[in-house]
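Work through the exercises below with the model in view. Try each task before you read its solution.

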Amino acid sequence: MTAVRSLTDVRALIRDSLDHPVLLDRLGDDEDFAGAGIGSGELIRIALSLEDELGRPLEDEELLGLTTVRAVARLAGAEAN
């Protein structure tokens, strides 16, 4: 994947990790993944994609913080646009 620089890029990274990508269309940037029906397997794929993007493994606290689009963006260092 190309460098994650914006919320649009983050949403693409997340979308590629979902079994049902349409879920992301209904999810606001600050809405909880679990509440939207995004499961643990999908969260693992999001984390693995983010690790690939960052070039390093995520710390336990970082993994636990992957709860919203904005949280993923913050960890990726993406701009909020």
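## Exercises on a predicted model

**Exercise 1. Surroundings of a glutamate.** Which residues is Glu51 in contact with, leaving aside its neighbours within four places in sequence?

Solution. This is a predicted model. Leave out the neighbours within four places in sequence. Glu51 is then in contact with Arg56, Pro57 and Leu58.

**Exercise 2. A charge inside.** Find out what the nearest side chain of opposite charge to Glu51 is, and how far away it lies.

Solution. Start with the burial of Glu51: this residue is buried. Then look for the opposite charge. The nearest such side chain is that of Arg56, 7.2 Å away. A salt bridge needs a side-chain nitrogen of Lys or Arg within 4 Å of a carboxyl oxygen of Asp or Glu. Glu51 has no salt bridge.

**Exercise 3. The core.** Which residues of the largest nonpolar core touch the most other members?

Solution. The largest nonpolar core has 20 residues. Those that touch the most other members are Val10, Ile14, Phe33, Ile46, Val69 and Val72. Now trace the helices behind this core. Helix H1 (7-15), helix H2 (22-25), H3 and helix H5 (69-76) each supply at least two of its residues. In soluble globular proteins, nonpolar side chains tend to be buried together.

Take Ile46 as a case. Set aside its neighbours within four places in sequence. Ile46 is in contact with Leu13, Ile14, Ser17, Leu18, Phe33 and Val72.

**Exercise 4. The whole fold.** How many helices and strands does the protein have?

Solution. Count five helices and zero strands. Along the sequence, the pattern reads α-α-α-α-α. The radius of gyration is 11 Å, close to the 12 Å that the globule rule gives for 81 residues, so the protein is as compact as a globular protein of that length. Its C-alpha trace spans about 30 × 25 × 20 Å along the principal axes.

Of the 81 residues, 37% count as buried. Among contacts with a separation of 6 or more, 55% come from residues 24 or more positions apart. Finish with the accessible surface: about 4,700 Å², with 50% belonging to carbon and sulfur atoms.

Note on methods
Residues numbered from 1 in each chain as written. Predicted model: local features only at pLDDT ≥ 70, side-chain atom pairs only at ≥ 80, totals over all residues. Heavy atoms only, no water. Buried < 20%, exposed > 50% of the residue type's maximum accessible area, 1.4 Å probe, protein only. Lys, Arg positive; Asp, Glu negative; His and termini not counted. Contact = heavy atoms within 4.5 Å. Core = buried A, V, L, I, M, F, W, Y, C linked by side-chain atoms within 4.5 Å. Helix = DSSP H or I, 4+ residues; strand = E, 2+ residues; numbered from the N terminus. Rg over C-alpha atoms; globule rule 2.2 N^0.38 Å. Areas by Shrake-Rupley, 256 points an atom, 1.4 Å probe, with all protein chains shown as cover.
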